[in-house]
Amino acid sequence: MMSPFVRLARLAACSLALSAAAALPAQTVPAPAAPIGEIKLRDASIDEVLGLLERWTGKTLLRPQALPAATITINLRESVTKDEAIRALETSLNLNGVAVTPLGERFLKVTALNVAKSEAPELIDGSTLDLPASGRLAAKVFQLNFLRVGEFMPQIAQLLSPSTGSPPIVFEKANAALVTDSVSNLQRIETLLARLDQPALGGLTPKFYSLQFAKASDVVNKMRTILGGALQNQLGTATTYNADDRTNQVIVISDPRQVPFFDDLIAKLDVKSDPNTRNEVLYLKHANSKDVASILSQLVTGQNNAARAAEGAARPGAVTAAPPTVVQGPGNTTVTMPAPIGSPAGLGLEPSNQFSTLLTILPEERSNSLVVSGTVDDIRLIHELVAKIDVLLAQVRIEVVIAEVTLAENAQSGIAALGLKIQGDKLVGGRASGPGFTLTDVTATEQPTGDLDLAADIGLSTTPRKSNATILSLPNIMTTHNKEGKIFVGEQRPIVSNFLNAGAAGSGTTNNTFSSNVTYKDIGIELKVKPLIGVDGSVQLEITQEVNDILGNINIGGNDQPRIGRRSTESFVSARSGQIIVIGGLQRSSQSRNTSRLGPIPILGDLLGARSREDTRTDLVFFLRPTVLTNTAADNVPALQQVDQLPKEQRERLYKALRQPASDSTR
């Protein structure tokens, strides 16, 4: 280990060399600083290093009594100048927790590094890049021009020395920050700001393309289709292209190196072609033109709105397209004109499925057609959609038998009273008959799928039978998929809805003049059926049953009003074509009394006639058999079979009417 005497000797030699260099005569051109030789310090104390720094700088050191305890080792094997030696000492002190701060021309203030920030370190006014890099503590105010100081400074906090104390002081209103750190760290921050604090559009240039043949918005939409997805990522998020239809220009803002690419692309798109739009009339066969026009307009509007929303999300700050235009069509039909579409890249849609901004759809109800105006692609897309919408819906014939069953005292329901076997609301066995009613040949065969293949005959017989069942109605309902069918069997009864005294008061008297409003109420059986026909021949039926009965009369305001009993059910069942569905449960109880003419006279009435009282319960049973029609001659077979069961005279008269020419039947 080096002795203190040897160390002091070396320090003295260094001091003499500096004095000799200072005694040289002044010259007009400053000579290079003389080297001071090698510097070798091994385990030198803080006090020894500060003493050497005081000799080399020629300034007085102002220091506290206590400084961080540390030993410093410096080994400079080559000759260095005085300035280089001073920087080496300041950096070594900084690394060991000691900061040296200039204080005027004659003093240096020495403090612990963690409190140096509050001791007014040297404030660098100009650029730090002109200073030699060192560990000397200094402060600098960084003024940002384009970046926001509140966002930038937290990102560079990790680059600062953790031993200097507090983080940078941010001045939000001035968009500036005061940073205290070593000169080398300040130089690094200044270099980063020179690279990053640039305009957001730095390096981008605009270019305006005037189009001769194509429409600017159409070209831009086509460009977004072509450049969507991965190609847009290669162009960069800063590259934008928009249409100015007022001047028919395409405005491109991009890197200058991308300009040749856009030159070639726009030149290929701006070529002379057929007219942008064409008109076509599409005649519908099955669907209603007004309904189809409404569906297509909603589809186009929804797709364009979604495209604009995706475009706005992909390009924040972009100008959104104008809202759709509502046009009043024939017959007070509201038709929505689609707005410009956005980039399909955000929608995941195929480019060929995009409608243009020129598409117009109007219904023509007189000829049941659609008048379509748009581009060739628009017409093609509308053709494809109409072909899928304008189809003949599946039809179904629903045979209905409404039977009223009188229940015995121990009977639970009309289905049990008839002796029918029901499984899952479907008829699987049994025979039943009533006055003018037969239900025969009920069979059920289980298929490999578990379904029951049912066959049965429901018909009218000409010979009434005495039974507890009475046929109330045997109608047929013809309807299509998702279209409600309805039958009503009954009558309309007048009901007084209100009763007013319409007399005028005069001279203390009131005229007894009254007026009443009469409404009519349906009294009977109403059945509503809405079928949903599957492609496999299955039928789902939404069934609503309602029965209104007259239970008696009640006197209201001197008028007899009927008391109406109401029974209703709603069912949703599934069946195969040809299966019989049985629904019951609409029961009603009634009471009747029988006496002789002298019955009210005591004793005599009992001798001449007995009085009787009877309670009757009835249940309505609905038999429904849906049959999916095939639009062939097979659909008419059940109707022809019923015709064959008619009496001969009625059958011949019906056949004669069918063979009669249309001209004769209208006379």
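In this predicted model, three strands make up an open sheet in the order 13-17-16, and the pairing between them is antiparallel. Strand 13, residues 278–283, and strand 16, residues 360–364, stand at the edges, and since each has a single partner strand, one side of each is left without a neighbour in the sheet. From one strand to the next, the twist averages 20°.

If we look at the pairing in more detail, strand 13 and strand 17, the latter spanning residues 369–374, are joined in the antiparallel sense over six bridges, and here N279 stands opposite S373 of strand 17. Packed on this sheet is helix 10, residues 376–389, which touches strand 13, strand 16 and strand 17, and whose direction makes about 10° with that of strand 13.

Let me turn to the surface, where L62, L103 and F107 form a nonpolar patch that has, taken together, about 220 Å² of accessible area. Of these residues, F107 is placed in strand 5, which covers residues 107–112, and with a relative accessible area of 31% F107 is classed as partly exposed, because that class lies between the 20% limit for buried and the 50% limit for exposed.

Is L629 buried or exposed? At 12% relative accessibility, L629 counts as buried, because the cut-off for that class is under 20%.

How values were computed. Residues are numbered from 1 along each chain as its sequence is written. This is a predicted model: local features need pLDDT of at least 70, side-chain atom pairs count only at pLDDT 80 or more; totals for chains, interfaces and linings use all residues. Side-chain values use heavy atoms; hydrogens and water are left out. Patches are made of residues with over 30% relative accessible area and no salt bridge: like charges are joined within 9 Å, nonpolar side chains (Val, Leu, Ile, Met, Phe, Trp, Tyr) within 5 Å. Accessible areas come from the Shrake-Rupley method with a 1.4 Å probe; for residues, only the protein chains shown count as cover. A salt bridge is a side-chain nitrogen of Lys or Arg within 4 Å of a carboxyl oxygen of Asp or Glu. Helices (H or I, at least four residues) and strands (E, at least two) are DSSP runs, numbered from the N terminus. Buried means under 20% relative accessible area, exposed over 50%, partly exposed in between (1.4 Å probe, protein chains only). Two strands pair if DSSP finds at least two bridges between them. Axes are lines fitted to C-alpha atoms, for helices over the stretch in contact, and angles run from 0 to 180 degrees between N-to-C directions. Contact means heavy atoms within 4.5 Å.
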